[in-house]
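The following note comments on selected helix packing arrangements. Please read each numbered point alongside the sequence and the coordinates.

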Amino acid sequence: MPVAQSRAHLLSQQPQCPKIDYMHGVKRSRESREAREAKKQREKSRLTAYLALSDDVLARKANREWSKDAFDLTSRLLSMNPEFYTVWNYRRNILINGIFPSSSPIEINDILSDDLSMTTTALKAHPKVYWLWNHRRWCLENVPDGGDDADPLAWKKRNWERELYVVERMLDVDSRNFHAWNYRRYVLSSMPVKRPEATELAYTTKKIESNFSNFSAWHQRTKVLTSLWDSGKVDRTSSLRQEFDLVQNAMYTDPNDQSVWLYHRWLIGSGEDKQRIEHEIQVIQELLDEQPDSKWCMESLVHYKQLLLRNHSSSLASGQADSLTQQCLYLLTQLEEIDPARRQRYQDLAADVNISTPAQTV
Amino acid sequence: MSSDEHKLLTSLHVQYIQNLGASKADLTYHLTAHLRMNAIYWGLVALCVMNHKDALDKDEMIEYIMTCWDEEAGGFGAHPGHDAHIHSTLSAIQVLTIHDALDRVDIPRVTDYILSLQQPSGVFAGDSFGEVDTRFLYIAVNALSLLGQLDRLDKDKTVTYIRQCKNFDGGFGNVAGAESHAGQVFVCTAALAILDRLDVVDIPTLGWWLAERQLPSGGLNGRPEKLEDVCYSFWVLSSMSILNKLTWIDSEKLTKFILSAQDPEGGGIADRPGDMVDVFHTIFGVAGLSLTGYPGLDDIDPVYCMPASVIEKKGLRKGWKALPRRTA
């Protein structure tokens with residue numbers, strides 16, 4: 001027996017090592033000894049079948065068997081355990097070494113489409129399993145040219161379009177799934193026919209309007225807008241104005257929502273536009289007057305006032321620097337009170353305000 | 001709530017980790033074989049932090065690790081017969097380092113394996129099929145550093161990729177363009193620390209973003225407007241200690257949150273109070289407690305996520321700061 005094959009058999013006879021269940025959000029329940037035993041009995045046949053199958057597959061892998069039989073066995077094993085990355089690798093190697101060389105392009109396209117369907121089903125049950133997303137990438141990247149005499153990219157287009165549909169459904173179920181968002185960016189950048197970025201901007205609008213707290217969508221918006229501005233497809237000045245309106249609306253809807261304030265800070269950026277900063281300070285001050293204990297209003301006012309002090313000190317009216325400094329220090333004292341968990345940060349910021357504006361020492 | 005739940009139940013957690021390997025008749029044990037190597041590392045580091053390094057048999061552990069060597073690839077798999085992967089390779093190197101057994105590894109070969117996974121952009125792939133992620137970049141940097149092979153790495157190229165993953169909020173994502181996430185912030189910050197390139201970090205902004213991860217429950221989340229989870233106790237705190245900003249959150253409240261997620265009967269720590277425990281949340285809960293100065297624990301190095309004494313002995317300690325160790 002080859003060495004590697006005997007290694008595979010070690011699978012079922014390991015020395016003491018920790019196991020992990022990787023539990024997220026599964027409620028703890030205390031099972032009785034009887035219940036545990038009963039469960040074990042119920043699982044016993046599944047366990048035996050699983051171990052036999054996994055030993056079989058790993059032995060075939062060690063023997064570099066690239067057969068259709070082996071391929072079908074990996075399907076069975078992966079449906080029992082979609083996280084068995086070694087078996088995903090083996091499956092791809094069977095396709096590359098055993099099945100694709102004797103298949104026509106149409107057959108290859110069919111096989112890959114089947115794998116995409118199989119992993120769609122698995123993703124519904126395991127939306128955060130990296131290996132499933134990886135396998136889909138590999139499938140998509142290996143779709144051959146063809147599908148239509150007039151259009152050699154027909155299969156590719158169809159598969160990538162369907163992929164965007166799948167990832168959209170995933171984001172409908174969990175709009176913060178970062179695997180899905182990353183995957184979405186990957187699909188958009190890999191499609192044979194790129195979608196206009198304006199369409200993606202509209203998608204983030206839709207996501208944000210259905211839930212202002214969806215920071216993933218705000219984040220995506222920062223990337224799409226940057227690209228649209230840089231390419232000159234969208235006029236930066238007028239688009240910025242619209243963005244400030246959008247974010248203001250969100251701010252007033254829920255002033256405690258962090259996502260909105262982060263996005264606002266992105267819009268202000270390094271703070272070159274003095275007029276804009278002053279305008280936003282005024283807007284936030286009005287909101288703070290309505291919501292006198294709004295932490296995010298205070299935090300943002302401190303930041304923007306400091307930007308004025310740092311970037312625009314030469315164009316401030318006389319006495320304005322001192323007054324801004326005093327306002328920052330006052331806000332930071334208030335923040336210490338309403339947000340004691342982060343007290344030390346506010347104290348450190350206050351110390352910095354004092355250091356950076358020595359002029360105020362009367 | 002009993003007063004016990006305000007204390008770390010060390011002996012229960014030690015027993016919990018010792019018993020993890022005793023459940024081979026459970027299907028779950030076998031369904032998680034792809035995480036076995038990581039789990040050994042998580043269990044061992046948790047034991048080290050709780051000062052019970054010897055609770056698992058050292059020789060048995062080393063022998064097991066060596067059976068996971070993938071001769072064809074030149075790296076370690078998660079389990080015997082499993083393919084080499086950069087993640088299990090790091091865990092193996094970390095465990096062997098802690099047990100002072102790196103002489104068992106073919107260092108030039110495993111170094112070649114790790115370096116072969118670097119992509120033209122500077123990021124690393126996890127294995128030969130090429131999933132890329134800043135997690136794998138950190139893993140490569142950490143492993144090469146432990147192996148004393150960092151000189152063979154193209155550091156500028158590596159840092160260039162991390163820079164591309166930096167967002168306006170100061171955080172980092174798993175690939176260029178991705179949303180900031182506390183786990184990715186940890187891997188990027190720690191990689192930059194090892195490479196002596198913390199100048200890439202916008203410390204005030206990232207410090208702020210990290211401080212805002214604490215929720216009213218005391219627990220930390222990984223991204224804005226998400227739920228708290230014990231594992232972020234480590235991802236967030238390690239980054240904060242590397243940036244010397246650990247005082248920017250309420251560590252007392254966080255301590256209470258972590259302790260409330262313990263299983264007071266079976267041992268182990270869960271993601272949130274009342275949930276099922278696992279060794280992943282147990283190590284990151286205990287590691288978080290260590291960084292906040294919880295009494296009676298050993299120091300953990302936040303850059304390598306290994307016992308600080310091991311890293312110090314190798315001369316690899318960076319300038320991070322934990323909170324002072326409290327006396328009970």
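1. In this predicted model, helix H3 (residues 36–49) of chain B passes helix H13 (residues 279–291) of chain B in a left-handed crossing. Their axes lie 9 Å apart, and the packing angle is about 35 degrees.

2. H3(B) contributes B:Ala39, B:Trp42, B:Gly43, B:Val45, B:Ala46 and B:Val49 to this contact, while H13(B) supplies B:Val279, B:Phe280, B:Ile283, B:Phe284, B:Val286 and B:Ser290. By class, the residues of the contact of H3(B) with H13(B) are 10 nonpolar and two polar, with no charged residue.

3. In chain A, helix H11 (residues 236–253) packs with helix H13 (residues 274–290) at an angle of about 15 degrees, the axes being 11 Å apart. H11(A) is therefore roughly parallel to H13(A). The crossing of H11(A) past H13(A) is right-handed.

4. On the H11(A) side, A:Arg241, A:Phe244, A:Gln248, A:Met251 and A:Tyr252 take part; they meet A:Arg276, A:His279, A:Glu280, A:Val283, A:Glu286, A:Leu287 and A:Glu290 of H13(A). The contact of H11(A) with H13(A) comprises five nonpolar, two polar and five charged residues.

5. Helix H7 (residues 154–173) of chain A has 20 residues, and at 1.5 Å a residue it should span 28 Å; the end C-alpha atoms are 29 Å apart, so the two values agree.

6. Among the buried residues of H7(A) are A:Trp155, A:Asn159, A:Trp160, A:Glu163 and A:Glu168. The buried residues of H7(A) pack against helix H5 (105–125), helix H6 (130–141), helix H8 (178–190) and helix H9 (197–210) of chain A.

Methods: Residues are numbered from 1 along each chain as its sequence is written. Chains are lettered from A and ligands numbered from 1 in the order in which they are written. This is a predicted model: local features need pLDDT of at least 70, side-chain atom pairs count only at pLDDT 80 or more; totals for chains, interfaces and linings use all residues. Side-chain values use heavy atoms; hydrogens and water are left out. Helices (H or I, at least four residues) and strands (E, at least two) are DSSP runs, numbered from the N terminus. The expected span of a helix is 1.5 Å times one less than its number of residues. Buried means under 20% relative accessible area, exposed over 50%, partly exposed in between (1.4 Å probe, protein chains only). Contact means heavy atoms within 4.5 Å. Axes are lines fitted to C-alpha atoms, for helices over the stretch in contact, and angles run from 0 to 180 degrees between N-to-C directions. Angles under 35 degrees count as roughly parallel, over 145 as roughly antiparallel, 65 to 115 as roughly perpendicular and the rest as oblique. A crossing is left-handed if the near helix is turned anticlockwise from the far one by less than a right angle, and right-handed if clockwise. Ala, Val, Leu, Ile, Met, Phe, Trp, Tyr, Cys and Pro count as nonpolar, Asp, Glu, Lys and Arg as charged, and the others, Gly among them, as polar.
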